[in-house]
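Dear colleague,

Please find below the structure that I am handing over to you. My notes on what was found in it follow directly after.

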Amino acid sequence: STLAMLEAIGVKIVGDAVPKFQDLTFKVHLPTKKAGVFSIFGLGGISTIHIEDKTTEYVVYSKSDSRNYMGTVGVSNMYPFSTKTYLKTVVSFAGSGNTWDELVNYNSDNFYLRDKDRFFQYEISARTTLNHKFNARHFIKTGIYYKKMNYDLLSKYWDERFGGLTTELDEEGSSYSMQYFTSYRFRISEQLTFTGGVHTLYFGLNKKLSVEPRAGLKWEFHSLQSLSIGYGKHSRMESVSTYLAFTENPQGLPIQSNKDMDFIKAHHFVLGYDNKITENLYLKAEVYYQQLYNVPVDGSDTGVYSIINQFEWFTKQALENEGKGYNYGLELTLEKHFSNEYYFLLTGSIFKSKYKAGDGIWRNTRFNNGYVINALAGKEFGLGNPSRNRKLIVSLKATYG
């Protein structure tokens, strides 16, 4: 963490808080003669931040501490049965957690706990995929992904109605999800390729199942250009905390009304154009439309909440799968691969994003800012004697939207 290092050597940091973090990654490649190629990998990180909100220069109104942890370690294996068939398997263990404590100074003498959160989740997962090439025209891929999750979730907040802490989430347990897919690619001719398949998602916590067909067609009408069209049905599982959070029934009693909530689902349609302008310069244009349905929303006649707008934390509202939404837009990408000691990537998107909750009114989602532009570029400079192969690489990234 650069800011934490600067603070440690005495540099005064402007702002209310200094984030402190560190991380580690590793990967070990282990080829064998008879058992295929193994890889052992890992990723981990921790971060902390202390925030103080002052009413005056000397009076602290509130102080908060946030801590985040994540890590994963696993092993993968790619085993070739023949030149046409191979199996890839990944087994991993992952854990993540975050804590949040907020104290408020109500009377300038004592601090009181206003929010307390503890979210920890541990997952053991296994994924295996079988790939088989029948011949130059037919190829199939099929696989299964199983994930067992254990969770320990706690969230309390100060409720002015009772003058004390109220528990909105307090669960410890386990569940699992399972995904299965099969994809078949058929090269109809030298220019035309069809890809189709099916994907399934099952969530053991509430026994929900989604079956999702997908298909695409690609026409390479020129040696450097192609058109593609695709359709796919997709579903999304929410965070475990959203399913298990306590809501209130009409009598004001706490219940877990969202535990049986179904997946949010969508129909995706895509039309794409690819052009390899030169050996290292690539242009891609894509028009898309996403029709969202089965969206968890506040289903009351005056409800305006939709889970589409939720990008962090969880909601404790009672939700119904009655909402809708849509996204459509145009995306352009111009990419130059690294050559002649430089590279760049330009992307632009024009889009619209709307949703409808229980009140039946179409509204902008929180992400509907209309457009976004990203630019990434880098240049390599040689330093000193070329035989010593010393390089200076300068990169620049910019986003506007």
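Which residues do ring pairs link into a cluster? They are Y146, Y176 and Y202. Please keep in mind throughout that this is a predicted model.

F119 belongs to strand β5 (residues 111-133), while F314 sits in the loop between β14 (281-297) and β15 (320-339). The two residues are 195 residues apart, and their pair thus links distant parts of the chain. Both F119 and F314 are buried.

Y326 and W362 make another tilted aromatic pair, with 5.2 Å from centre to centre and 50 degrees between the planes. Is W362 buried or exposed, or something in between? Its relative accessibility is 38%. Because buried means under 20% and exposed means over 50%, W362 counts as partly exposed.

Turning to the chain as a whole, there are two helices and 19 strands. The C-alpha atoms fill a box of roughly 75 × 60 × 50 Å along the principal axes. The chain has 401 residues, of which 30% count as buried. Among contacts between residues at least 6 apart in sequence, 55% join residues at least 24 apart. As for charge, the chain carries 46 positive and 40 negative side chains, and the centres of these two sets lie 12 Å apart.

Strand β18 (residues 371-383) runs antiparallel to strand β16 (residues 342-356), and nine bridges join them. Within this pairing, L346 has A375 in β18 as its bridge partner. β18 also pairs with strand β19 (residues 390-400), again in the antiparallel sense, over eleven bridges. There, A377 has L396 in β19 as its bridge partner. β18 and β19 form a hairpin with six residues between them. In the turn of this hairpin, G384 has a positive phi of about 70 degrees.

With kind regards

How values were computed:
Residues numbered from 1 in each chain as written. Predicted model: local features only at pLDDT ≥ 70, side-chain atom pairs only at ≥ 80, totals over all residues. Heavy atoms only, no water. Helix = DSSP H or I, 4+ residues; strand = E, 2+ residues; numbered from the N terminus. Buried < 20%, exposed > 50% of the residue type's maximum accessible area, 1.4 Å probe, protein only. Contact = heavy atoms within 4.5 Å. Lys, Arg positive; Asp, Glu negative; His and termini not counted. Charge placed at Lys NZ, Arg CZ, Asp CG, Glu CD. Pairing = 2+ DSSP bridges. Phe/Tyr/Trp six-rings, centres within 6.5 Å; stacked < 30°, edge-to-face > 60°.
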